[in-house]
Amino acid sequence: MEKRKIINQIKIKIAEQEVLRYLGYPQDLIHEISTDIKKIVREEIEQAYPLLESRGIYQFLDISSVFANGIIMTKQGYQFMVNKKTIDLLKNAEYLLLMVVTIGLKIEKAVKENFRQGNHVRAMVLDAAGTVAVKTAGQWLNHFIEEKNSREDLKFSRYFEPGSGDWDIKEQKQIFEILRPEIIGITLNPSFMMNPTKSLSWIRGIGHNLINTYRDEFSCQYCLLSNCPFRKK
Ligand code: SF4
């Protein structure tokens, strides 16, 4: 399988509806949002684009053993400790895919600056736009790797993030030791939180006979790769 790979300039679109959702407006109430708020959301999304420094890094590891107590060993000599539920969902996985994405520091700085100047609403909207951007960049990376490996008839598991569910956030350290996302500007603090904060890390299982499979239904409408030959109309 592929060695560690870096993707620079992940080109994604920030969905207005998603930003509104992160701001606490449920989909069925979107028509009730004032035109002033909608205008601010659209303006802050436009402010966000030039601030995005979306990058990702990923690597495949070959799984050598999976134990019922939650230990996963790889042929490269790494060991992960997950929980029993994750072990069940990774049944028959042959590879472990490690991924980290970020949108960089610029949005974070702009949000702080807005707060400093007393522009609280704009700061919150820009922050929500950044959250949507990093999540969309993560989905794009999942989609990219799924498409890239589609000919191999490989199936992918859902994704697991250190610190979510009951997976210990300390496993973040292991992902960082292997992937070294510092190369794309992401560091880990002593509490295992990432800097820039608008960064995501996760693992997935991959295998020809994986039982619990998941495919990221990423829509081309959120992708800004203008020259992609596979774009669906
Ligand atoms: S345009 Fe569509 S098919 Fe092409 S990379 Fe973007 S999301 Fe994937």
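I count two residues as in contact if their C-beta atoms, placed from the backbone, lie within 7 Å.

**Ground rules.** I am reading a predicted model, where local features need pLDDT of at least 70, side-chain atom pairs count only at pLDDT 80 or more, and totals for chains, interfaces and linings use all residues. Residues are numbered from 1 along each chain as its sequence is written.

**Leu154.** I looked up its contacts, not counting residues up to four places away in sequence. Leu154 touches Asn149, Ile206, Gly207 and His208. The C-alpha atoms of Leu154 and His208 are separated by 4.8 Å, at 54 residues apart along the chain. Leu154 lies in the loop between H5 and strand S6 (155-160). I take helices (H or I, at least four residues) and strands (E, at least two) as DSSP runs, numbered from the N terminus.

**Strand S5.** I checked residues 95-102 next. Eight of the eight are buried, so S5 is largely enclosed by the rest of the structure. One side carries Tyr95, Leu97, Met99 and Val101, and the other Leu96, Leu98, Val100 and Thr102. I then looked up the partners; strands pair if DSSP finds at least two bridges between them. S2 (residues 55-66) runs antiparallel to S5, with eight bridges. Ile57 is opposite Val100 there. S9 (residues 199-207) is also joined to S5 by eight bridges, antiparallel. Leu97 has Arg204 as its bridge partner in S9. Leaving aside neighbours within four places in sequence, Leu98 contacts Tyr58, Gln59, Leu61, Ile175, Ile178, Leu179 and Ile203.

**Core.** A nonpolar core is a set of buried Ala, Val, Leu, Ile, Met, Phe, Trp, Tyr and Cys residues joined through C-beta atoms within 7 Å. The largest has 56 residues; Val19, Leu96, Leu97, Leu98, Ala129, Ala133 and Ala137 touch the most other members. Helix H5 (residues 120-148) gives the most to this core, eleven residues.

**Confidence.** pLDDT is the predictor's confidence in each residue, from 0 to 100. The protein averages 92, and 99% of the residues score at least 70.

How values were computed: Buried ≥ 20, exposed ≤ 12 C-beta atoms within 10 Å, placed from the backbone.
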